Amino acid sequence: MSSYETMPYHLETERLILRPWEESDAAEFSALLSERGDGETYTVERGRKGIAGLLAATETTGIALLPIQRRAEGDFIGYCGLIIGRSTLEEPEIAYELFRHAHGRGYATEAARAVLGAAAATGRKRLWSTVASWNTPSLRVLEKLGFERDRVSLEDSPTEGSKEVVWLARSLA
């Protein structure tokens, strides 16, 4: 097990609540993933399996990807949290994805800022993020949060061919 503290699994901001996954999130989680337009089929059953996988990873790693709910409306608008991704448990990645209807309102920045605080509370010193080079809005969110570009890599994707991935890092110290 890690020498780091377990990440808090319930975070609140002025407008948002980040909380643990529930089986009832499966339909909305599947709908969010389906919005990607990557040709994949995301059924509710696949959403349930995805949530089970996320919960199992959280149990093993002590870090979590958390659903985001708007406080006033109570609706699921996406997720944000820490993952190993292309990085390590010692220096995990921050990840987020929101429904298109929730874009452009500062929710990603607000949720990610809360996750930065949670990551610092675990004792970690640095976080990473990897973003497709075409994803300008996501790159802007990370720059607002103090992430700095480290490098660009080329990765082969079965659905997208070769794509550029921007690696960004942020110190938590």
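This is a predicted model: local features need pLDDT of at least 70, side-chain atom pairs count only at pLDDT 80 or more; totals for chains, interfaces and linings use all residues.

Now the inside. Of the 173 residues, 46% are buried. On overall dimensions, the C-alpha trace spans about 40 × 35 × 35 Å along its principal axes. The radius of gyration is 15 Å, which agrees with the value near 16 Å that a compact globule of 173 residues would have.

What about the fold? You've got four helices and eight strands, and going along the sequence they run β-β-α-α-β-β-β-α-β-α-β-β. If you take the contacts between residues at least 6 apart in sequence, 60% of them join residues at least 24 apart.

Okay, one helix pair to zoom in on. You describe two packed helices by the angle between their axes and the distance between the axes. Here the pair is α1, residues 26–34, and α2, residues 44–61. Their axes come within 8 Å and cross at roughly 100 degrees. An angle of 65 to 115 degrees counts as roughly perpendicular, so that's what α1 is to α2.

And who's touching whom? From α1 we have Ala-26, Ala-27, Phe-29 and Ser-30, and they meet Val-44, Gly-47, Arg-48, Gly-50, Ile-51 and Leu-54 of α2. Sorted by class, that contact has six nonpolar residues, three polar and one charged.

Notes. Residues are numbered from 1 along each chain as its sequence is written. Side-chain values use heavy atoms; hydrogens and water are left out. Axes are lines fitted to C-alpha atoms, for helices over the stretch in contact, and angles run from 0 to 180 degrees between N-to-C directions. Helices (H or I, at least four residues) and strands (E, at least two) are DSSP runs, numbered from the N terminus. Angles under 35 degrees count as roughly parallel, over 145 as roughly antiparallel, 65 to 115 as roughly perpendicular and the rest as oblique. Contact means heavy atoms within 4.5 Å. Ala, Val, Leu, Ile, Met, Phe, Trp, Tyr, Cys and Pro count as nonpolar, Asp, Glu, Lys and Arg as charged, and the others, Gly among them, as polar. The radius of gyration is taken over C-alpha atoms; the globule rule is 2.2 Å times the number of residues to the power 0.38. Buried means under 20% relative accessible area, exposed over 50%, partly exposed in between (1.4 Å probe, protein chains only).
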